[in-house]
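Work through the exercises below with the sequence and the model side by side. Try each task before reading its solution.

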Amino acid sequence: MNVTLMGKSAGAASVDLLHLSPHSTKVGPCLDGDLFPEPLDVLRARATAKPFITGVTKEEGLLMMVGRQSTPEGLEETLMDATRDCQEIDAMKCELRGRFIGDTKQDDPAYMRAQAGNYPSAYTTHACEIFYLFKKGAFGDPEINVTEKRVMNIFTSAFTNFAKFGNPNGSDDATSALPVQWDSITEENPALSYVFTSEEPKMCTDLFEGRTAFFIDIRNKYK
């Protein structure tokens, strides 16, 4: 029997943790007090391989910083969050500023992206994709026009195909049910991603123009 688990936000993290636990990596969960007997990195290396879909929105992290002002003080608060638990905090802050902010001004989108503040409602942030699965938005219900219907159809097709076949393309990669075939990531290109847009979906080889990879490299350097 095949079982597909889906979760949103913290629910998605719970799905991942069930995949990692030695009690549930092959079967269902067993909450008996020793669900995670080793560090998660160790458990991840030992877990039974499974097909996964995980994703982010265009401005995923902005929701986590609602209310933070577009000021140097607001930016400093964000940098403190980003460098938490690192050994060389000041050095990492300096490199993050240089890589992601540079000489931008407080009203520049790059500055806003770095520390958020009161972002425009047009930005697509954490949980906004819920609308395309259930026609109910986490932050209101946008008008469902022809474009939105097309995106919904593609989005829901990918997820239902994955639940049924373990493959967003459908039962056969050679005849994908999607307008553009969804290719899996590889060890050689872990940044490969399937991007849903108002036009046609597309495969992208450079997730967030490399910003995520740069952040991971910087954090690993100073952790």
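This is a predicted model: local features need pLDDT of at least 70, side-chain atom pairs count only at pLDDT 80 or more; totals for chains, interfaces and linings use all residues.

Residues are numbered from 1 along each chain as its sequence is written, and side-chain values use heavy atoms, with hydrogens and water left out.

**Exercise 1.** State the secondary-structure pattern of the protein and its share of buried residues.

Solution. Start with the elements: the protein has 8 helices and 2 strands (DSSP runs, H or I of at least four residues for helices, E of at least two for strands, numbered from the N terminus). Their order along the sequence is α-α-α-α-α-α-α-β-β-α. Next, burial: of the 223 residues, 26% are buried (under 20% relative accessible area, 1.4 Å probe, protein chains only).

**Exercise 2.** Describe how helices α4 and α8 pack, and which residues meet.

Solution. First, the geometry: α4 (residues 89-101) and α8 (residues 211-222) have axes 10 Å apart, at an angle of about 160 degrees (axes are lines fitted to C-alpha atoms over the stretch in contact; angles run from 0 to 180 degrees between N-to-C directions). The two helices are therefore roughly antiparallel (an angle over 145 degrees). Second, the contacts (heavy atoms within 4.5 Å): Ala91, Met92, Glu95, Leu96, Arg99 and Phe100 of α4 meet Arg211, Phe214, Phe215, Ile218, Arg219, Lys221 and Tyr222 of α8. Third, the classes: this contact has 8 nonpolar, no polar and 5 charged residues (Ala, Val, Leu, Ile, Met, Phe, Trp, Tyr, Cys and Pro are nonpolar; Asp, Glu, Lys and Arg are charged; the others, Gly among them, are polar).

Conventions: Angles under 35 degrees count as roughly parallel, over 145 as roughly antiparallel, 65 to 115 as roughly perpendicular and the rest as oblique. Buried means under 20% relative accessible area, exposed over 50%, partly exposed in between (1.4 Å probe, protein chains only).
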